[in-house]
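This report looks at charged side chains and how they pair. Please keep the sequence and the structure at hand while reading.

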Amino acid sequence: MHIDIYSDMVCPWCRIGKKNVIDAIEQWVTESGEDVTVSYHAFLLDHSLPPEGLPFRASMAHKMGGEHRIEEMLQRVTDAGAAVGVPFRFDRVTRMPNTVLAHRLTAILPADRQEAWIDAVMMAYFEYGRDIAKREVLLEIAADLGLETFPLETALDEGRGAEEVQADLERASAMGISGVPFFVLNGKYGLSGAYPAAEFVKAFGKIAEQSGQ
């Protein structure tokens, strides 16, 4: 089975959904013995963000129609994350970052390093409030993962990753994806939202039955 994941590193529900689907994959592989591969694809929650991003609270208030709705939403996300072992520290978050550079680096990295990279970027943002729009911050995260940063800097300077990110965004638009996380199972079954791990496992089982496995 193959799973394509469309997400944005600034999306809290994407972090929760990713944790859930990875947990589900581990359970499914243990129970079924079937191999599952994953591909990660870029999505931008806000195409209008400037490269340097915006202040977090102001951006959220604009999206949600006022400051009074922010705390309730953040608490709901925090509680949902805690329930699956994914912490959020919105008290440390001050920026709504543009994630194009982070997505480009995902595309540049080898496939087997992408999952850890995405986890690390999300952790840096949601737990420590780091500004993941900044190139130097992203390269520090890469270094902490043991990645060689000079080749990554060179690749960014050469414009690498931009084409792949644009292709992902166009593909998502063509599929009608308007929100993330979005999961495409075996290239034809779409699931939108941060489903619990148990629901993903059920979906895997149904697909396996329909495939005659």
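## Salt bridges in the predicted model

Asp 131 counts as buried, at 12% relative accessibility. In this predicted model, the side chain of Asp 131 meets that of Arg 95 in a salt bridge with an N to O distance of 4.0 Å. Arg 95 belongs to strand β4 (residues 95–96), whereas Asp 131 sits in the loop between α5 and α6 (135–144), so the pair ties together parts that are 36 residues apart in sequence.

A second pair joins Glu 127 and Arg 15, whose side chains form a salt bridge at 2.6 Å, N to O. Because Glu 127 lies in helix α5 (residues 111–128) and Arg 15 in helix α1 (residues 12–32), this contact ties together parts that are 112 residues apart in sequence. Glu 127 is buried at 12% relative accessibility, and Arg 15 is also buried, with a relative accessible area of 10%.

Within helix α9 (residues 197–210), Glu 199 and Lys 202 are 3 residues apart, which means that about one helical turn separates them. Their closest N and O atoms are 3.6 Å apart in a salt bridge; Glu 199 is partly exposed at 36% relative accessibility, while Lys 202 is exposed, its relative accessible area being 51%.

| Salt bridge | N to O distance |
|---|---|
| Glu 127 and Arg 15 | 2.6 Å |
| Arg 95 and Asp 131 | 4.0 Å |
| Glu 199 and Lys 202 | 3.6 Å |

Lys 18, Glu 115 and Asp 119 are linked in a network of salt bridges, and the count for the model comes to 11 salt bridges.

Note on methods. Residues numbered from 1 in each chain as written. Predicted model: local features only at pLDDT ≥ 70, side-chain atom pairs only at ≥ 80, totals over all residues. Heavy atoms only, no water. Helix = DSSP H or I, 4+ residues; strand = E, 2+ residues; numbered from the N terminus. Buried < 20%, exposed > 50% of the residue type's maximum accessible area, 1.4 Å probe, protein only.
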